Amino acid sequence: MEIFYYLVFGALSLVVLALELSKNSKDRITTSAAFNAFKNNYIVVYSLMMAGDWLQGPYVYFLYSQYGFDKGDIGRLFIAGFGSSMLFGTIVGSLADKKGRKRACITYCITYILSCATKHSPQYKVLMLGRVLGGIATSLLFSAFESWLVAEHFKRGFEPQWLSLTFSKAIFLGNGLVAIVSGLFANLIADTLGFGPVAPFDAAACFLAIGMAIIMSSWSENYGDSSESKDLLTQFRGAALAIASDEKIALLGAIQSLFEGSMYTFVFLWTPALSPNEEDIPHGFIFATFMLSSMLGSSIASRLMARANLKVEGYMQIVFAISAATLLLPVLTNILVQPSNVKGGSISFSGSIQLFGFCTFEACVGIFWPSIMKMRSQYIPEEARSTIMNFFRIPLNIFVCIVLYNVNAFPITVMFGMCSIFLFMAAVLQRRLMVVAESHKSRTQDWSAMKEMDAESEPLAI
């Protein structure tokens with residue numbers, strides 16, 4: 001493997017290490033021992049849940065191809081996963097609010113373990129069932145755990161600012177370090193030890209089972225709106241009404257869908273972008289480099305959110321603008337750099353430029369996750385949190401399904417250009433969200449001041 005990849009990985013490692021070691025009192029939030037115990041428990045569980053997810057990633061496509069399925073068959077399996085998340089995600093999200101978030105987290109573990117078990121079968125229908133179960137599990141992973149955390153955090157009386165600390169640490173470890181270690185561990189058991197491509201799925205099931213045991217033994221239950229008089233349809237209407245009646249929630253949902261849609265599209269496009277002529281690139285090592293970039297982003301986010309005078313709504317405009325610029329690089333290099341027609345070989349000059357841009361994009365992803373979590377905790381009402389969060393995933397899943405279905409219909413530069421436009425739109429909507437939030441805050445303060453003045457001027461009853 002070329003020294004270029006080691007230099008990029010090494011430089012990123014040093015920057016992340018320097019950021020973590022150089023944190024001073026301004027970058028740290030003083031908390032209590034009770035909160036630290038709560039935070040550490042959640043981070044351990046979240047890391048185990050993410051390990052169960054990340055272990056499967058490197059070998060899903062390869063396992064399906066080993067069973068003899070072609071690109072079209074595999075594409076339909078992936079579409080089934082995203083379609084399942086879209087169709088059933090909102091239902092399970094509503095059930096989480098109604099029946100309990102802890103139960104929903106346990107359901108995630110059971111559902112994903114069953115999905116892993118289906119990978120032992122070469123039957124297409126069984127694998128399709130596994131993808132459907134995996135789609136349901138994904139919806140729970142990205143809604144139930146965050147909903148439980150936010151509700152439990154405030155139920156225990158912890159400071160609102162401390163929540164950002166849990167978010168940033170969970171992303172730093174769960175979406176960064178755990179992802180890197182999971183990729184290396186999957187490679188170890190599948191290839192080095194020779195257990196085959198099903199082994200990572202068995203390992204994922206074990207980690208999920210351990211996490212489920214911790215949830216069952218140490219987590220308390222919390223709910224959204226557990227009223228027995230409200231059925232699922234009523235909850236859907238309530239969530240839809242909340243989105244339609246509050247511009248802040250609607251803007252937040254649009255921003256999330258635009259960014260995550262671009263992010264998932266990037267997942268499918270980065271390999272052909274870096275090796276358009278079948279260049280020999282180390283996919284696993286590049287993936288690890290991307291995850292290290294995400295760790296860098298989450299480390300930056302923890303510093304930004306530790307400053308009380310710095311608004312998430314403000315700096316996220318810059319993050320989205322930078323993201324838009326990075327995904328525009330493949331378009332620009334295609335225009336400005338002379339393309340090579342030589343098959344094979346090492347990564348090209350334009351590929352090297354794009355790799356730096358993609359690492360920057362992944363750093364933006366690392367900033368995005370804890371920041372969007374903090375904004376959701378501020379704007380989404382508690383009684384329908386999981387339901388609304390899964391509503392946000394509907395346009396996302398529709399978009400990803402369309403991209404997957406038409407991935408060969410458009411040139412790769414067109415797809416990246418489209419993602420860049422979406423990210424620029426997210427920056428514009430983020431600006432609008434900041435204006436609306438400040439206006440609402442100003443009106444609330446004015447109303448409170450008027451109420452106090454009225455109370456002071458009210459004559460005494462004699």
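## Helices and the model

Helices (H or I, at least four residues) are DSSP runs, numbered from the N terminus. Phe 88, for example, lies in helix α4, which covers residues 71-99. This is a predicted model, where local features need pLDDT of at least 70 and side-chain atom pairs count only at pLDDT 80 or more, while totals for chains, interfaces and linings use all residues. Residues are numbered from 1 along each chain as its sequence is written, and side-chain values use heavy atoms, with hydrogens and water left out.

Leu 87, Phe 88, Ile 91 and Leu 95 make a nonpolar surface patch of about 340 Å². Patch residues have over 30% relative accessible area and no salt bridge, with nonpolar side chains (Val, Leu, Ile, Met, Phe, Trp, Tyr) joined within 5 Å and like charges within 9 Å. Accessible areas come from the Shrake-Rupley method with a 1.4 Å probe, and for residues only the protein chains shown count as cover.

Is Phe 88 buried or exposed, or partly exposed? Phe 88 counts as partly exposed because its relative accessibility is 38%; buried means under 20%, exposed over 50%, and partly exposed in between.

## Salt bridges

Side chains of opposite charge can pair when their charged atoms come close. A salt bridge here is a side-chain nitrogen of Lys or Arg within 4 Å of a carboxyl oxygen of Asp or Glu. How many salt bridges does the structure hold? There are nine.

One of them joins Asp 73 and Arg 76, at 2.5 Å from N to O. Both residues lie in helix α4, three residues apart, about one turn of the helix. Asp 73 is buried, with a relative accessible area of 19%, whereas Arg 76 is partly exposed at 45%. Glu 152, Lys 155 and Arg 156 are linked in a salt-bridge network.

## Links between helices

Arg 432 pairs with Glu 247 in a salt bridge, their closest N and O atoms being 2.8 Å apart. Arg 432 is in helix α17 and Glu 247 in helix α11 (residues 247-274), so this pair ties together parts that are 185 residues apart in sequence. Arg 432 is partly exposed at 39% relative accessibility, and Glu 247 is partly exposed at 36%.

Arg 393 and Glu 260 form another salt bridge, with closest N and O atoms 3.6 Å apart. Because Arg 393 lies in helix α16 (residues 385-405) and Glu 260 in helix α11, the pair ties together parts that are 133 residues apart in sequence. Both Arg 393 and Glu 260 are buried.

Note on methods:
Helix = DSSP H or I, 4+ residues; strand = E, 2+ residues; numbered from the N terminus. Buried < 20%, exposed > 50% of the residue type's maximum accessible area, 1.4 Å probe, protein only.
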